[in-house]
Amino acid sequence: MKTAELAASDRSTLWHPFTQQQGWHDEDAPIIDHARGCVVVDTEGREYLDGTSSLWCNVHGHRHPVIDAAVKAQLDKVAHTTMLGLSHPGAIELGARLVDIAPDGLSRVFYSDNGATANEIALKMAYQYHHQAGEWWRSGYVCLQNSYHGDTIGAVSVGSIELFHSKYRPLLFETWAAEPGDVDAMEALLREHADTVGAVIVEPLVQGAAGIFLQPPGYLRAVRELCDRYGVFLIVDEVATGFGRTGTMFACEQEDVSPDFLVLGKGITGGYLPLAATLTTEKVYEGFLGAHEELKTFFHGHTYTGNPLACAAGLASLDVFEEEGTIAALQPKIALLEALLQEHVAPLEVVREIRQKGVMVGIELVGFPLETRMGHRVTLAARERGAIVRPLGDTIVVMPPLAVSESELRRLVTITAEAIVAATDGVVPEAPVTADSV
Ligand SMILES: *Cc1c(COP(=O)(O)O)cnc(C)c1O
């Protein structure tokens, strides 16, 4: 099909995620045909820097020869077999490698195929563990305000981004949301609901979908200590932060924290194929052991759980981390990214704040009226200039693959700055609310 035909067919048949379809028709979104390294190429041959890592998952660039070869080799063996009642080498080997690199104490790997389900699994395991340990009342969860853990109903229940989640409130189970970064607030909630809370779930160091909000140093460590004191599990959702995104393999490492559940997704396959994993401790695992008739089994599984092609990609991605010294090579890029943002973006009048952790960047603009869709306009302007970035409201998210080169970083930041200037030119920001105007 030609581009025009494809576009017409997209408009008449598809419904895109997180997209207002009214207006989509006029947008001429690129139709991506292929990619190489950190560049994606559309059906018209136009090239774009992949400034969102194909939605926060690509790690070593597209078409990495080592990962390509591993997936092709697996394809010559089998594309999919089930983990229900059977096993396969890729799942076994990747499981062992994940346990090796994960924080201490995480010794069991339960696969699924996306971040939301991997969180659901942690939530259900925590609940069922307590139930089977005779503490059935430990059925509630504490999360953080503005948290995001995926879009299925359980994950939305522990999510608290008004814009995405408030409409579904009647469908959700009750949770308590603590002010992020405030240890006393977390402790107050745990104390108040000590008779019902079974687990705390957090995104470590960075709340991604909220708009790249950073937690103060020491916060995650303090939450771990509170969880120990109140006898509740700590679920750490590293779906976004895992696999190097914050500058270390896992964000937990930076606070020397071992969670009871470590939730992995997005970058686990280098961004190649859908796979996720929920890691937990021997203690949790043993809480599910029993004779068949005790019915302590974890009755949960997805058809494509632990898919062999995805596991092959995951193993190859970990090989690349080792062979290329990806984490070490990333450090100067993080510093360069910070310097470039300071030079090109920080001076812009319409930029309120830049938040960065590793290669996760949120550029918050001063408030513009909702109907201007300013974040969205900036991404369109960036696209015209050859880079893909995404808005979260009026925050522009820039998150290149770990494999990004220094010259690509330069281009990505200058394009983003130019796009902000172009899109905001002549648009009046919302008057700041001052004491006088109230
Ligand atoms: C993206 C994301 C998820 C959801 O992962 P999916 O694979 O999209 O279901 C969960 N938690 C965090 C922190 C994420 O960034």
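1. Two strands count as paired if DSSP finds at least two bridges between them. Helices (H or I, at least four residues) and strands (E, at least two) are DSSP runs, numbered from the N terminus.

2. The model is predicted: local features need pLDDT of at least 70, side-chain atom pairs count only at pLDDT 80 or more, and totals for chains, interfaces and linings use all residues. Residues are numbered from 1 along each chain as its sequence is written, and side-chain values use heavy atoms, with hydrogens and water left out.

3. V200 has L234 of β10 as its bridge partner.

4. The ligand has 13 residues around it, and N114, G115, A116, D237 and K266 come nearest; a residue is near if one of its heavy atoms lies within 4 Å. By class the shell holds 5 nonpolar, 5 polar and 3 charged residues (Ala, Val, Leu, Ile, Met, Phe, Trp, Tyr, Cys and Pro count as nonpolar, Asp, Glu, Lys and Arg as charged, and the others, Gly among them, as polar). Helix α5 (residues 115-132) gives the most to this shell, with 3 residues.

5. A backbone N or O atom of G115 lies 2.8 Å from a ligand oxygen atom, and a backbone N or O atom of A116 lies 2.9 Å from an oxygen atom of the ligand. For D237, a polar side-chain atom lies 2.6 Å from a nitrogen atom of the ligand. Taken alone, the ligand exposes 380 Å², of which the protein buries 82% (Shrake-Rupley method, 1.4 Å probe).

6. A further open sheet has 4 strands in the order β13-β14-β17-β16, with antiparallel pairing. Its edge strands, β13 (351-357) and β16 (390-392), each pair on one side only. Neighbouring strands here are turned by 25° against each other on average, direction ignored. Strand β16 is joined to β17 (residues 395-398) by 3 bridges, and the two run antiparallel; the bridge partner of P391 in β17 is I396. Helix α12 (residues 326-345) packs on this sheet and touches β13 and β14 (360-365), its direction making about 175° with that of β13; contact means heavy atoms within 4.5 Å.

Note on methods:
Polar contact = N/O pair within 3.5 Å; in protein donor to acceptor, adjacent residues only side chain to side chain. Axes fitted to C-alpha atoms, helices over the stretch in contact; angles between N-to-C directions.
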